[in-house]
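Welcome, and thanks for taking a look at this one with us. Please open the sequence and the model side by side before reading on.

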Amino acid sequence: MQSEISVEAPEVAQGEFEREPIPASKQKDWKSFLGMYAGEHAAGTEFMIGPLFLAAGASLYDLLIGLFIGNVLALLTWRYIVAPIAVSKKLTLYFHLEKIAGDKLVKVYNIVNGILFCFLAGAMVTVSASAVGVPFNIVFDVPESIFGFSTFGFSMIVIVVGLVMTVVAAAGYNTVAWVSNMAAPWMIVVFAACGMAALYQMGVTSFDALVEGAFWDHAVSVVQAKSGKTDFGIGKIIIFAWLCNGAMHFGMADLSIMRFAKDTKAGWGPAIGMFLGHYMAWIAAAFLLAAQIHLINDTSANPGALAWGAIGWTGILVVIIAGWTTANPTIYRAGLAFQSLMPKAKSFVGVLVAGVIATIAGIFPNLSAKLLDFVGLYGTILGPMGAIIFVDHYFSKRFNFPNFFAEQKGISFNTTVLIAWVIPVLFGLYMILNQGVFAAYMVIPCWVASGILYITLMKIKKA
Amino acid sequence: MAIRYIGIITVLFILILPVLTLAGALSIDQMKWYMLIGSILWFILAPFWIKNK
């Protein structure tokens with residue numbers, strides 16, 4: 001079935017098959033996805049996320065167990081939710097959604113999606129720029145206002161870094177995959193090296209001292225003495241680790257990447273990225289902050305400065321490259337979103353637009369400082385569309401409604417999809433912004449609600 | 001093929017440096033400089049065997 005779709009794919013009009021199934025000759029072995037995801041998830045942002053757990057007062061035990069469980073759940077979500085649909089249809093998220101929701105509604109979704117991805121990529125540009133600034137002694141300070149500037153020098157560095165990232169992303173998937181593949185093994189060992197160097201700086205040179213965790217407790221007490229006590233238990237750690245990439249797996253954004261897969265084994269592709277990037281790297285980054293507190297009593301989590309303090313110039317390199325290899329696929333995804341708004345344009349045009357927006361976003365450092373709330377928020381906003389794709393794929397026959405409804409009926413705006421998407425999202429946003437619920441907590445309830453609502457509305461429509 | 005093995009050894013070299021520091025066999029300043037050399041070597045070698053297909 002899959003090969004039939006691929007073999008029968010007409011001659012592609014554009015370089016990266018935005019509106020066609022991926023032909024068999026262009027499909028990639030699952031191992032290609034290991035490097036791609038390893039590069040993406042062993043990212044510059046890990047230097048920001050890791051210290052959060054320490055700052056929030058998580059115990060070392062909860063962190064080790066909670067991250068493990070959360071990452072297993074995330075991996076299973078990619079393998080069993082995303083990969084089967086991606087391999088079966090071999091379409092981008094946007095083209096897939098167009099067949100269900102209609103091209104006009106997808107344009108609305110694409111704008112939301114692309115902009116959110118741009119802000120995410122912008123945060124990664126900021127992280128890379130923070131490292132570039134360290135050798136030049138250019139300060140990376142976070143202004144009070146969301147749209148406040150840092151120093152002029154830092155803004156200039158962001159622009160240069162952002163433009164370089166954009167040009168590389170515009171070169172296409174193969175170039176992105178190549179850079180990520182090349183950097184991934186090095187980056188992972190350097191992340192590990194950061195953690196070990198930090199332990200050395202804290203005098204934790206034996207396994208017993210590591211298990212005892214006194215260095216961790218001390219750092220937590222210093223941070224909380226300055227910033228106040230917060231609660232971050234094992235449940236919250238599990239949910240965060242599972243759903244921080246909710247837009248990618250539950251939201252099906254990674255259909256655009258996994259459509260290149262030969263088979264569903266590609267769903268295991270994020271494994272290295274998860275356990276080295278979102279496990280080892282987060283823990284190593286947390287150790288970096290603990291070491292900085294131990295050495296100079298500084299609780300600020302400046303990614304470039306943290307890595308510089310532990311391993312010197314290699315730390316600068318790793319933060320720049322880790323930010324770069326993460327921003328690349330994110331800009332690429334956003335570019336695909338914008339590309340779907342202008343199908344006749346060359347494929348790099350959408351990526352260039354996304355890169356420019358990401359660079360502008362990167363100029364405002366406070367956006368990256370809000371990264372943890374942001375990833376939960378974007379999972380809540382984008383995730384429900386993944387639920388609609390999911391129920392359309394698996395339950396349309398069972399509940400006797402047509403799949404690819406918009407394509408079959410020849411409509412350009414499927415209001416059923418709009419209602420099923422927007423109502424749960426509005427509820428989720430209300431809970432997050434008004435009731436103060438941790439953003440990642442709303443991803444799954446909104447996802448499930450959207451799926452159920454879509455099935456219900458389709459049944460009512462048919463009746 | 002030889003370049004590939006040298007590349008793998010380079011990565012292992014980078015990984016072993018902080019272990020040596022933890023063991024007290026290498027100062028942290030030495031570790032930092034050797035790590036930079038290993039990193040540069042990696043990016044010189046990697047394009048030879050990790051191809052842009």
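What follows is a short tour by topic, from the interface to the core, a salt bridge and a surface patch.

Please keep in mind that this is a predicted model. Chain B and chain A bury about 2100 Å² between them, and the largest nonpolar core has 167 residues. Over all chains, the structure holds 1 salt bridge.

**Where the chains meet**

- On the chain B side, 22 residues are in contact with 28 residues of chain A.
- Carbon and sulfur atoms give 78% of the area buried between chain B and chain A.
- Across this interface of chain B and chain A, the rule finds 0 salt bridges.

- You will find B:Ile14 in helix 1 of chain B.
- Is B:Ile14 buried or exposed? B:Ile14 has a relative accessible area of 0%, so it counts as buried.
- Setting aside neighbours within four places in sequence, B:Ile14 is in contact with A:Trp186, A:Val189 and A:Val190 from chain A, and with B:Met35, B:Gly38 and B:Ser39 from chain B.
- Between the C-alpha atoms of B:Ile14 and B:Ile28 there are 13 Å, with the two residues 14 residues apart along the chain.

- A:Met182 sits in helix 8 of chain A.
- The relative accessibility of A:Met182 is 10%, which falls under 20%, so A:Met182 counts as buried.
- Which residues does A:Met182 contact, leaving aside its neighbours within four places in sequence? They are B:Trp42, B:Ala46, B:Pro47 and B:Ile50.
- Within chain A, the C-alpha atoms of A:Met182 and A:Met36 are separated by 9.5 Å, although the residues are 146 residues apart along the chain.

**The largest nonpolar core**

- Inside the largest nonpolar core, A:Phe53 and A:Tyr454 are the residues with the most contacts.
- Helix 8 of chain A, covering residues 173-201, gives the most to this core, with 16 residues.
- Not counting residues up to four places away in sequence, A:Tyr454 touches a set of residues that includes A:Ile100, A:Ile388, A:Val391, A:Phe401 and A:Phe405.
- A:Asp392, A:Asn414 and A:Thr416 are also among the residues that A:Tyr454 touches.

**The salt bridge**

- A:Lys99 forms a salt bridge with A:Glu407, and their closest N and O atoms are 2.7 Å apart.
- With 14% relative accessibility, A:Lys99 counts as buried, whereas A:Glu407, at 46%, counts as partly exposed.
- As a general point, side chains of opposite charge can pair when their charged atoms come close.

**A nonpolar patch on chain B**

- Helix 1 (2-22) and helix 2 (28-49) of chain B each supply at least two residues of the nonpolar patch.
- Helix 1 of chain B gives the most to the nonpolar patch, with 4 residues.
- B:Phe13 is partly exposed, because its relative accessible area is 35%.

Note on methods: Residues are numbered from 1 along each chain as its sequence is written. Chains are lettered from A and ligands numbered from 1 in the order in which they are written. This is a predicted model: local features need pLDDT of at least 70, side-chain atom pairs count only at pLDDT 80 or more; totals for chains, interfaces and linings use all residues. Side-chain values use heavy atoms; hydrogens and water are left out. Buried means under 20% relative accessible area, exposed over 50%, partly exposed in between (1.4 Å probe, protein chains only). A nonpolar core is a set of buried Ala, Val, Leu, Ile, Met, Phe, Trp, Tyr and Cys residues joined through side-chain atoms within 4.5 Å. Contact means heavy atoms within 4.5 Å. Buried area is the accessible area (1.4 Å probe) that two parts lose on being put together, summed over both. A salt bridge is a side-chain nitrogen of Lys or Arg within 4 Å of a carboxyl oxygen of Asp or Glu.
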